[in-house]
Amino acid sequence: MSFPLPQFVDGRPAPGISGVLSLIPNPGLAWFWLVRPSADLDGRTPIEMLKHDRARKVILYPGDIAAEDAKKDRAGRTHAARATYMRGLCVYRQAIGRPVYPDANGSLRITWGKVTGRARDGQIWTPFTAAEGLPAKHTGKGEFDAPDAAVEAIRAKDYGPYVAPALGTLPVDFMSTVDITHGNSGSATLNARGELVGLAFDGTLEGVISDWAPDADRNRSIHVDSRSMLWTMDKIDGAGTVAQGNGSAADIAPLSG
């Protein structure tokens with residue numbers, strides 16, 4: 001197989017080559033298009049544009065470029081508005097003698113809440129998700145492509161000592177009213193005795209507004225249960241020694257009662 005030298009810059013394919021091939025999977029046709037002058041590029045060849053770091057101009061349609069620019073503009077104005085808001089909030093909080101609620105980037109942020117589900121308009125979110133939900137959603141594609149070992153272990157109910165007695169199964173995630181924000185992902189979740197029971201990693205869509213207007217009735221954070229983490233290390237990844245180093249099932253406080 002030959003690789004035309006003009007596509008390389010400092011020994012590497014020019015930025016955007018992979019993007020072109022994703023749009024034109026046939027390498028021969030892709031190269032034919034890359035070396036032909038284009039009226040859309042003011043008579044220049046696409047490969048010339050790629051070698052000058054102009055991949056966006058080559059790969060995207062004008063409408064896509066405009067949409068991307070508009071998105072970046074909105075993001076920039078949002079950040080500017082947030083900075084203005086925070087300056088005003090700091091002045092206000094200082095005037096009333098109260099601290100500003102910190103974010104989770106480079107600052108100590110400790111929040112608290114309780115494990116609970118949520119019900120709204122006929123929809124019910126239980127406090128815990130269970131392992132059985134994983135094979136039920138397994139399609140083998142994208143984010144729904146679960147490891148075969150995990151699917152097999154769940155179907156065999158091989159949960160070892162990590163079953164939550166009150167649930168009768170292996171808990172995977174749980175929801176709480178803890179107020180988290182950007183930068184909190186991966187933060188330790190402790191129970192009232194200071195024991196590690198999980199890691200915060202996400203929030204529900206309805207709770208996105210919590211950065212501006214927290215509401216315990218609406219806001220829900222999502223945590224991965226420590227029993228699920230230990231089960232994965234022990235039963236799926238074959239890292240039983242690591243799991244033992246992080247505590248046994250007996251060391252985990254049962255969140256569900």
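Why does Tyr-85 count as partly exposed? Tyr-85 counts as partly exposed because its relative accessibility is 37%; the term covers values between buried (under 20% relative accessible area) and exposed (over 50%), with a 1.4 Å probe and protein chains only. The model is predicted, and local features need pLDDT of at least 70, side-chain atom pairs count only at pLDDT 80 or more, and totals for chains, interfaces and linings use all residues. Residues are numbered from 1 along each chain as its sequence is written, and side-chain values use heavy atoms, with hydrogens and water left out.

Tyr-85 is located in helix 5, residues 62-95; helices (H or I, at least four residues) and strands (E, at least two) are DSSP runs numbered from the N terminus. Together with Ile-209 and Trp-212, Tyr-85 makes a nonpolar surface patch of about 290 Å². Such a patch consists of residues with over 30% relative accessible area and no salt bridge, nonpolar side chains (Val, Leu, Ile, Met, Phe, Trp, Tyr) being joined within 5 Å and like charges within 9 Å.

The largest pocket has a volume of about 860 Å³. Among its 33 lining residues, Arg-82, Ile-180, Thr-181, His-182 and Asp-211 are the closest to the centre. Two or more lining residues are given by each of helix 5 and strand 8 (196-203), and helix 5 supplies the largest share, seven residues. A pocket is here an open set of points on a 1 Å grid over the protein atoms alone, where a 1.4 Å probe fits, with protein on both sides within 12 Å along at least five of seven lines; lining residues have an atom within 4 Å of a point. The volume is the space filled by probe spheres set on the points.

Eight salt bridges were found in a search of the whole structure, each defined as a side-chain nitrogen of Lys or Arg within 4 Å of a carboxyl oxygen of Asp or Glu. One of them joins Lys-72 to Glu-68, with the closest N and O atoms 3.9 Å apart. Both residues belong to helix 5 and are four residues apart, about one turn of the helix. Lys-72 is exposed, at 53% relative accessible area, whereas Glu-68 is partly exposed, at 29%. In the salt bridge between Arg-227 and Asp-225, the closest N and O atoms are 2.9 Å apart, and both of these residues are buried.

Methods
Areas by Shrake-Rupley, 256 points an atom, 1.4 Å probe, with all protein chains shown as cover.
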